[in-house]
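Let's take a friendly walk through this structure together. Please have the model open as you read.

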Amino acid sequence: MERLPGGRRPRLVSSLGLGRRSWEVTLDEERGRLAWRDPRPPRRAGENCFVPISEIIAVEETEFNKKQRNIGRWQKMAKLHAFTVHYVKKARNHRWRCSAATFWCVDEHLCNQWTQALKELLEMQKSRPKQLLVYINPFGGKRQGKRIYEQKVAPLFSLASISTDVVVTEHANHAKDNLFEVNIYKYDGVVCVGGDGMFSEVMHGLIGRMQKDSGIDQNNPKASLVQCNIRIGIIPAGSTDCICYSTVGISDPVTSALHIIVGDCQPLDVSSVHHNNTFLKYSVSLLGYGFYGDILKDSEKKRWMGPMRYDYSGFKTFLSHHYYEGTIAYQPAKHRHGSPRDKVSCRTGCYICKQSEKQLAEQNKEHGLKKEEGEEEWKVIKGKFLAINAVNMSCACPRSPKGLSPAAHLADGSADLILVRKCSRFDFLRYLVRHTNQDDQFDFPFVDVYRVKCFQFTSKLSEDNESNVMDVGKKRFGQFCRDHPACCCNIVNSTWNCDGETLDSSAIEVRVHCQLMKLFARGIEEDCKDEAAHSQSSIEQLL
Ligand SMILES: Nc1ncnc2c1ncn2[C@@H]1O[C@H](COP(=O)(O)OP(=O)(O)OP(=O)(O)O)[C@@H](O)[C@H]1O
Ligand SMILES: CCCCCCCCCCCCC/C=C/[C@@H](O)[C@H](CO)NC(=O)CCCCC
Ligand SMILES: [Ca+2]
């Protein structure tokens, strides 16, 4: 086929059958879409349909046989040639499904020309993965990981000609350890089937491997970490699935598989957590002390309950109403990063995250990252807290569709630090309930929220006498302040909940690393009924 200047093909326009009717079908490389419309006047509204080429999953030659739907007189007149286009159909609530349209004609050459042109365009989608490494946690969530992968995801990967190496994990840290051994560079991405804990394992494996291969010491809290360009795909099969929900808008295995297939890319901030120059963990969702730390600690003993364990431990922890004394020091993020009280959330193509990406690229060029950090002043807050939550993303999940910090950004290089001070049980309940409705959960006198790039926390106990207190804590865990039995002030430390795993230290140093890793996702899309989704649903009705 002849090419236009710039190497593009001219538009391919043909009259093709679809269902029982003939359509004018156009493949327009310049506009990046496949469109079909009813050529008969008068044109009825809603019959112009298109699919972006970037959202075509696969193109297949199709055999017409007797089982195929009746397509009228054409079937009797001549042998028909057909091809099927599998594409993403956008449904409500950010859910994606795989839909198909089979186009037919009597001219074999024309049919081949279409199939070839479409396949060539799909080949040109360079961000799509061809080879993936898949880890399945068979015990996450409701223990459905293996079934979900085999029944819902593997057939889609096969349709999209993606080859996979699949590892069903046999123990905790299997995936993480394995990522230090395999040749990760031959893969276009790593997929984890499980919950936030499984994602965390894969992330630690990948980031750790990248630092090891680049000779970077993870124990140095000031080290500039090497970005990880191998994307991670999350097939949700866990209990909370907060990372998937906050980056895709829904926790649905088929939707996530389709985001992987079309090769979406969403950069993600990662916080490093250190104690005394020792690396503890990375976090992408919640680092929570007090309420969420206590829920996690209690729920770990109830793993057999599955996802219900969080409701049980949540209720128990709410009733216990413990608060903890400590000091927080933080460096605020620059104002251009917006504010946690903004009414605008981070959405696909987010301007603030794009700006951070540009800034990061400039910093990487100049190697001037440290200078800026050193100049900032530290703010210090002492107090009694029911909860200290630092979130790198909104932490939206089915329990709380807007999340712990609705305006947090996925890739702006900052975290939202939420301090919930000592208050009554009733007020704390009001605060919690606002996570489930449209009211502002930060609009309370006992709640403060700051956008930060790093922070440190020390509990009062560690400040007073770390070693002494640790002994007391071990012996008398769970006891309360003797002088004030009703005050709920715990004489022991709480535990940090780091993306669903407990940390051993209460004194921590946290630093946000802007866009350290990437996901097969595109962030949450604006909630408008876009043109493509609209026209696709109308064609479904016609077929
Ligand atoms: N084969 C295995 N046996 C036991 N534990 C495993 C295995 N594979 C992975 N794990 C561990 O199980 C933990 C929990 O897994 P996962 O995150 O998939 O489920 P979950 O805890 O139900 O979900 P969520 O993290 O969303 O609450 C992970 O931290 C992971 O290290
Ligand atoms: C009266 C009703 C009030 C209801 C209030 C609901 C508020 C829910 C906010 C949920 C925030 C989830 C934050 C995500 C944390 C994950 O990194 C982590 C790992 O999966 N999950 C938990 O720690 C599990 C945490 C479970 C919390 C319940
Ligand atoms: Ca962020």
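The report below goes from the whole chain to a pair of helices and then to a ligand site.

## The chain as a whole

Please keep in mind that this is a predicted model. The protein chain contains 14 helices along with 21 strands. Of its 543 residues, 42% count as buried.

Taking contacts between residues at least 6 apart in sequence, 73% join residues at least 24 apart.

## Where α8 meets α9

Now turn to helix α8 (residues 291-300) and helix α9 (residues 309-320), whose axes come within 8 Å of each other. They cross at roughly 125 degrees. Angles from 65 to 115 degrees count as roughly perpendicular and those over 145 as roughly antiparallel, so α8 is oblique to α9. The crossing of these two helices is right-handed.

On the α8 side, the contact is made by Phe-291, Asp-294, Ile-295, Asp-298 and Ser-299. Helix α9 brings Arg-309, Tyr-310, Ser-313, Gly-314, Lys-316 and Thr-317. Sorted by class, the contact of α8 with α9 has 3 nonpolar, 4 polar and 4 charged residues.

## Around ligand 2

Both helices turn up again at ligand 2: α8, α9 and α12 (425-433) each supply at least two residues of its shell. Which helix gives the most to this shell? That is α8, with 3 residues.

In total, 23 residues surround ligand 2. The closest are Asp-196, Thr-240, Ser-285, Ser-400 and Gly-500. By class, the shell divides into 11 nonpolar, 9 polar and 3 charged residues.

How values were computed. Residues are numbered from 1 along each chain as its sequence is written. Chains are lettered from A and ligands numbered from 1 in the order in which they are written. This is a predicted model: local features need pLDDT of at least 70, side-chain atom pairs count only at pLDDT 80 or more; totals for chains, interfaces and linings use all residues. Axes are lines fitted to C-alpha atoms, for helices over the stretch in contact, and angles run from 0 to 180 degrees between N-to-C directions. Helices (H or I, at least four residues) and strands (E, at least two) are DSSP runs, numbered from the N terminus. Angles under 35 degrees count as roughly parallel, over 145 as roughly antiparallel, 65 to 115 as roughly perpendicular and the rest as oblique. A crossing is left-handed if the near helix is turned anticlockwise from the far one by less than a right angle, and right-handed if clockwise. Two residues are in contact if their C-beta atoms, placed from the backbone, lie within 7 Å. Ala, Val, Leu, Ile, Met, Phe, Trp, Tyr, Cys and Pro count as nonpolar, Asp, Glu, Lys and Arg as charged, and the others, Gly among them, as polar. A residue is buried if 20 or more other C-beta atoms lie within 10 Å of its own, exposed if 12 or fewer, and partly exposed in between; C-beta atoms are placed from the backbone. A residue is near a molecule or strand if its C-beta atom, placed from the backbone, lies within 6 Å of it.
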